[in-house]
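Here is a quick walk through one protein chain and how its parts sit against each other. Have a look at the model first, then read on.

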Amino acid sequence: MIFRFLVLLLILAFIEVYAFQAVKTITKNRTFLWIYAVLSIALLFYIIYGFTQFDRSVGQTQSSLRTMGLLLLVYVPKILITLILLGEDVFRILTGVINHFVENSNESTFLPSRRKFVSQVGLGLAAIPFLSMIYGIFEGKYNFKVIKQAIFFPDLPDAFDGFTITQISDVHSGSFDNAEKIQYAIDLINEQKTDLILFTGDIVNTHAKEMHPWIDTFNKINKHAFGKYAVLGNHDYGEYVTWKTKEEKAENFEAIKQLYRQIGFTLLLNEHTFIEKDGQKIALVGVENWGHNFKQAGDLNKAAVGLTKEDFKILMSHDPSHWEHIVKNDNKHFHLTLSGHTHGMQFGIEIPGYFKWSLAQYVYKQWAGLYENLGRYVYVNRGFGFHAYPGRVGIMPEITVIQLKKGENRA
């Protein structure tokens, strides 16, 4: 533990030295340089102190959110500067070697001096993530987007042609700090006036009590004609903190399951129900969390007992890796799976309809939006709330409205 801490400290010190070199290259004002150095050291020690105060029996708090936000805000730009100046150093070393050994230069210094232009470019580029993260912390995390998606199925029962579903996921209520913004999001949900609403897990970060201040707000979600249903997410199991006893963990888990019911959602625990309309029906299947690298409590076979390949099925499964590794190849043919979990890592670039990128795509094959395989679809919601980093950059909080359509895929 001490060794890892020392390694991390050395890495951060290395980054600080390079960032200081960039600043020093563009200004010689000693007062400014001293202020910069003192402020950088103070922030470094504050971040270190913040992490030392993390309590594994408590988990994420507003304090740990601020610490993580400050870490990313300070060091992502400085890492970018470091990479640019390291590139310049490689060039300087190569130039020095060529001048000294190949061209037999008589210059007094082996390395050429740093170029002011390179430092200016580094600082300019570093300003992009810095400003983006400030926006993400103060505005982006509550910049809710309603994303509408029509999906076509040739075997959709006629009565459900045009049927609409609102999906929310990854609420992470323990991270909220603005009641007005959350009420705005609830109003957006109600404005959609859909037939059915589905909640695909992670109502809290860890503890049931995190949701208590928000129960009344979420109870303002209107009743939907065909119901309100939910499944559990990985954070709902309390797996990421240290509990005093197994009984305490079990009590918290039961309280979390009760939370969904307290806000009017029917919780599906490896089971299914039928949604009926005009004498026809579709099956709504809900599994507990199943993640390739996370808790695997989901039991698809148990949840689908009695269903056939011909039944039209919508599956709620929190982690999209379940679809990738199990669901998309299941013989019972689950037509549509609704997931969340990834948050799009709350950081990326997205131009709707043209381009999307996030580090999440290097971890999950399906990480945001709609994906298809042999007529089976998964939709990955980008998440309602936020976790770890107290912001969102490029990948905004999402309220999904899905319309089921009868017919062949028109994509």
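How much area do domain 1 and domain 2 bury between them? About 1400 Å², with 53% of it on carbon and sulfur atoms. Buried area here is the accessible area (1.4 Å probe) that two parts lose on being put together, summed over both.

## What you're looking at

This is a predicted model, so local features need pLDDT of at least 70 and side-chain atom pairs count only at pLDDT 80 or more, while totals for chains, interfaces and linings use all residues. Residues are numbered from 1 along each chain as its sequence is written, and side-chain values use heavy atoms, with hydrogens and water left out.

The protein chain has 411 residues, and 50% of them are buried (under 20% relative accessible area, 1.4 Å probe, protein chains only; exposed is over 50%, and partly exposed is in between). Its C-alpha trace spans about 90 × 50 × 35 Å along the principal axes. For secondary structure, there are nine helices and 14 strands, taken as DSSP runs numbered from the N terminus (helices are H or I, at least four residues; strands are E, at least two).

Domain 1 puts 15 residues into the contact and domain 2 puts in 19, where contact means heavy atoms within 4.5 Å.

On the domain 1 side, Arg56, Gln60 and Leu65 lose the most area to domain 2, together 37% of what that side buries. What holds for polar pairs across the boundary? Ten residue pairs are in polar contact there, both residues at pLDDT 80 or more (a pair of N or O atoms within 3.5 Å; within protein, one must be able to donate a hydrogen and the other to accept it, and residues adjacent in sequence count only if both atoms are side-chain atoms). Helix 3 (62–102) and helix 4 (116–138) each supply at least two residues of the side of domain 1 that touches domain 2.

## A look at Thr337

Thr337 lies in strand 9 (residues 336–339). Why does Thr337 count as buried? Because its relative accessibility is 0%. Setting aside neighbours within four places in sequence, Thr337 is in contact with Leu315, Ser317, Trp323, Val327, Tyr377, Val378 and Tyr379.
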